[in-house]
Amino acid sequence: MRHMRLYLALLLLASACASSPPSGEPTYSSVRDRLERSPTRLLIGAAGSTGSITARRYTHDGWVDGLTPLATSNGELTAHLDQAGLLELSAFDVGVDPIEIPDSVFGKPAQLRDVRVTLTSRPAAAPQWTDSDDATATIMIDLDLSWSIMVNGGTAPLGAQHLPPIAADLTLTGAGDHIDAKVSLHAMGELWSWAGLMKLSELQMSLAAATVD
């Protein structure tokens with residue numbers, strides 16, 4: 001009888017261990033549950049992310065506008081739900097591949113490099129939930145734009161530009177173990193100008209992000 005009781009105890013212990021999640025790996029019942037319980041980091045990749053910026057250059061015929069595509073190189077965002085149920089961004093950072101400048105501006109090859117936009121505050125907004133795994137929110141964010149310029153092989157940093165508040169449209173989908181996000185933002189107005197010969201304005205970005213499981 002003693003051996004039978006020991007056998008049953010070991011059997012129950014093995015069953016409990018098999019049904020428990022691995023130590024240190026929390027499980028979440030939904031997107032909402034995950035955001036309520038801990039800040040969640042999502043990586044922004046090149047796949048599914050697009051952007052553009054309007055470039056104006058001065059010619060003998062006057063100003064000429066052109067839409068320049070932007071390619072996202074990397075980035076991340078961190079979000080969570082605070083005690084009031086507001087969706088808060090505690091981090092947002094995006095890098096962009098080099099932007100070519102027409103040779104006619106400087107008379108030699110030139111690029112804008114090391115282009116990044118970085119969050120400078122912790123904005124929050126009330127999300128709209130269709131269910132516990134799907135939500136949308138529009139959050140006003142403050143960003144700093146940093147970059148450098150390369151002309152004929154030489155690189156120099158440009159002064160950081162503090163952008164006006166931007167409305168970022170955020171969409172969240174997925175499940176507790178994986179979250180996908182889409183972020184769309186648009187910055188109006190002039191962002192940078194050089195010697196009255198070139199101006200950049202109207203930054204637009206549509207970004208795809210996901211948790212790394």
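In this predicted model, Leu170 stands opposite Val183 in E14. The two strands concerned, E13 and E14, pair in the antiparallel sense over 8 bridges, and they form a hairpin with 2 residues between them. Strands (E, at least two residues) and helices (H or I, at least four) are DSSP runs numbered from the N terminus; two strands pair if DSSP finds at least two bridges between them. E13 also pairs with strand E10 (residues 134-141), in the antiparallel sense and over 7 bridges. Met140 stands opposite Ala167 in E13.

The model is predicted, so local features need pLDDT of at least 70 and side-chain atom pairs count only at pLDDT 80 or more, while totals for chains, interfaces and linings use all residues. Residues are numbered from 1 along each chain as its sequence is written, and side-chain values use heavy atoms, with hydrogens and water left out.

**Chain and confidence**

The chain holds 3 helices and 15 strands. Of its 213 residues, 37% count as buried, that is, under 20% relative accessible area (1.4 Å probe, protein chains only), with exposed meaning over 50% and partly exposed in between. Contacts are defined by heavy atoms within 4.5 Å; of those in the chain with a separation of 6 or more, 62% join residues 24 or more positions apart. The mean pLDDT (the predictor's confidence in each residue, from 0 to 100) is 85, and 88% of the residues reach 70 or more. Confidence is lowest in helix H1 (residues 2-19), with a mean of 48, and highest in strand E9 (residues 128-131), at 98. Over residues 6-21 the pLDDT is below 50, and this stretch has 1 contact in the model beyond near neighbours in sequence.

**The nonpolar core**

A nonpolar core is a set of buried Ala, Val, Leu, Ile, Met, Phe, Trp, Tyr and Cys residues joined through side-chain atoms within 4.5 Å. The largest one has 50 residues, and those with the most contacts inside it are Leu77, Leu87, Phe92, Leu112, Ile141 and Leu203. Strand E14 (residues 178-194) gives the most to this core, with 7 residues. Leaving aside neighbours within four places in sequence, Leu87 is in contact with residues including Leu35, Ala79, Pro123, Ile139, Leu170 and Leu172. In soluble globular proteins, nonpolar side chains tend to be buried together.

**Individual residues**

Leu163 lies in the loop between strand E12 (154-162) and strand E13 (166-175). Beyond its neighbours within four places in sequence, Leu163 is in contact with Leu143, Leu145, Ala187, Leu191 and Leu203.

Thr40 is placed in strand E1 (residues 40-44). A polar atom of the Thr40 side chain lies 3.3 Å from the backbone oxygen of Ser38. Not counting residues up to four places away in sequence, Thr40 touches several residues, among them Arg34, Leu77, Ile179 and Thr211.

Most residues other than glycine have a negative phi. Asp114 has a positive phi near 55 degrees, and Glu202 has a positive phi of about 50 degrees.

| Residue | Relative accessibility | Class |
|---|---|---|
| Leu163 | 2% | buried |
| Thr40 | 2% | buried |
| Asp114 | 53% | exposed |
| Glu202 | 31% | partly exposed |

Asp114 is found in strand E7 (residues 110-119), whereas Glu202 lies in strand E15 (residues 198-210).

Definitions and conventions: Polar contact = N/O pair within 3.5 Å; in protein donor to acceptor, adjacent residues only side chain to side chain.
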